[in-house]
Amino acid sequence: MTQFNWDDIQFFLALARDGQLSGAARQLGSSHVTVARRIDRLEAALRQRLFERSARGYELTASGRRLVETAERMEEASGSIIPGAGPGPGLTGNLRLAVPEGFSNFFSEHMLAAFTARFPDLSLELITLTQVISLSRREADLTVTLDPVTRGAYRSEPLADYRLRIYAAKSYLAAQDPIRSRADLPAHRFLGYIEEMLFATGLDYLGEVHPALRPGFKSSSIYSQMIAARQGIGLCILPCYMAEACPDLVPVLPGEITLKRNYWLTCHRDARQMRRERAVIGFLMEEIRRHAALLMGPAALGG
């Protein structure tokens, strides 16, 4: 009978969190061969299959999910005896958070300092999404998406609402005829996304404003669109939390046209079992509530 080795638990937790041998090995400063050997030894000692192996990686079995809670209590207990341990004992290693481009800068400006203070020993990897990452390959631990994920072993929950409006540079509006109603909009140049590269249905909003709108400048980057708007090239639909920080941009028809979209927090069901991921999810929810007014922007004039 294979003897149980307590040291194998850290290999189990690393693989449970990452889902890939290579990722767990990087986190532990080991090799994927060693991680696989330790997992095989732990399963033999416990006489339980902890992971299902597939081409997509390692997914926890029911037995594995039950072991996570015990393993994390062990991890926390071992971390608490280290002198000088700060907040979030046991929350170590790398956590990869994938977010849309606009939300990335919002997080960095308004939430990153608080994250670092809450989780001083956790290494955060922030990925700016320009396209949909592969959830099946576990390319991120947590993902902020514009649409909920309803397939596979993933769970999405509402994170935040945010508003968008049409914005233009003051210089652009000074050189144009006044825009008095929605019917005036097709006479103006619009800036927008490249249609065939839209990674979320929530970004396809020009037709929602007016069916005749066609962008004269297209970019997959919302920041490139905003820079073009600030240069007076045309009108652009932007999140209020981005545009309101630019004094040279003003809303167009704010009392008539306001769009609302949603951010969703998505993760694999196995990741949702992890104490580390649960703690970060709680942090994100708490911080989003504190900054809800920024995300929604000022109240519409006359609306």
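The buried residues of helix α2 are Leu 21, Gly 23, Ala 24 and Ala 25, where buried means under 20% relative accessible area, exposed over 50% and partly exposed in between, with a 1.4 Å probe and protein chains only. The model is a predicted one, in which local features need pLDDT of at least 70 and side-chain atom pairs count only at pLDDT 80 or more, while totals for chains, interfaces and linings use all residues. Residues are numbered from 1 along each chain as its sequence is written, and side-chain values use heavy atoms, with hydrogens and water left out.

The cover over the buried residues of α2 includes α1 (8-18), α3 and β2, contact being taken as heavy atoms within 4.5 Å; helices (H or I, at least four residues) and strands (E, at least two) are DSSP runs, numbered from the N terminus. Helix α2 spans residues 21-28 and helix α3 residues 32-46, and the two pack at an angle of about 100° with their axes 8 Å apart. Here the axes are lines fitted to C-alpha atoms, for helices over the stretch in contact, and angles run from 0 to 180 degrees between N-to-C directions. The helices α2 and α3 are therefore roughly perpendicular to each other, since angles of 65 to 115 degrees count as such, whereas those under 35 count as roughly parallel, those over 145 as roughly antiparallel and the rest as oblique.

On the α2 side of this contact stand Leu 21, Ser 22, Ala 24, Ala 25 and Leu 28, which meet His 32, Val 35 and Ala 36 of α3. By class, the contact of α2 with α3 has 6 nonpolar, 2 polar and no charged residues, with Ala, Val, Leu, Ile, Met, Phe, Trp, Tyr, Cys and Pro counted as nonpolar, Asp, Glu, Lys and Arg as charged, and the others, Gly among them, as polar. After α2 comes Gly 29, whose phi is positive, near 70°.

Strand β2, part of the cover over α2, belongs to a hairpin that joins β1 to β2 through 2 residues. The strands β1 (residues 51-54) and β2 (residues 57-60) pair in the antiparallel sense over 4 bridges, pairing being assigned if DSSP finds at least two bridges between two strands. Phe 51 has Leu 60 as its bridge partner in β2, and Ser 54 stands opposite Gly 57.

Leaving aside neighbours within four places in sequence, Pro 148 is in contact with Ser 156 and Trp 264.

Gln 225, in helix α9 (residues 222-230), is buried with a relative accessible area of 1%. Not counting residues up to four places away in sequence, Gln 225 touches Leu 191, Gly 192, Tyr 193, Phe 217, Ser 219 and Cys 236. Cys 236 also counts as buried, at 0% relative accessibility. The structure holds 0 disulfides, a disulfide being a pair of cysteine sulfur atoms within 2.5 Å; for Cys 236, the nearest cysteine sulfur, that of Cys 246, is 11 Å away. Cys 267 is buried, with a relative accessible area of 5%.
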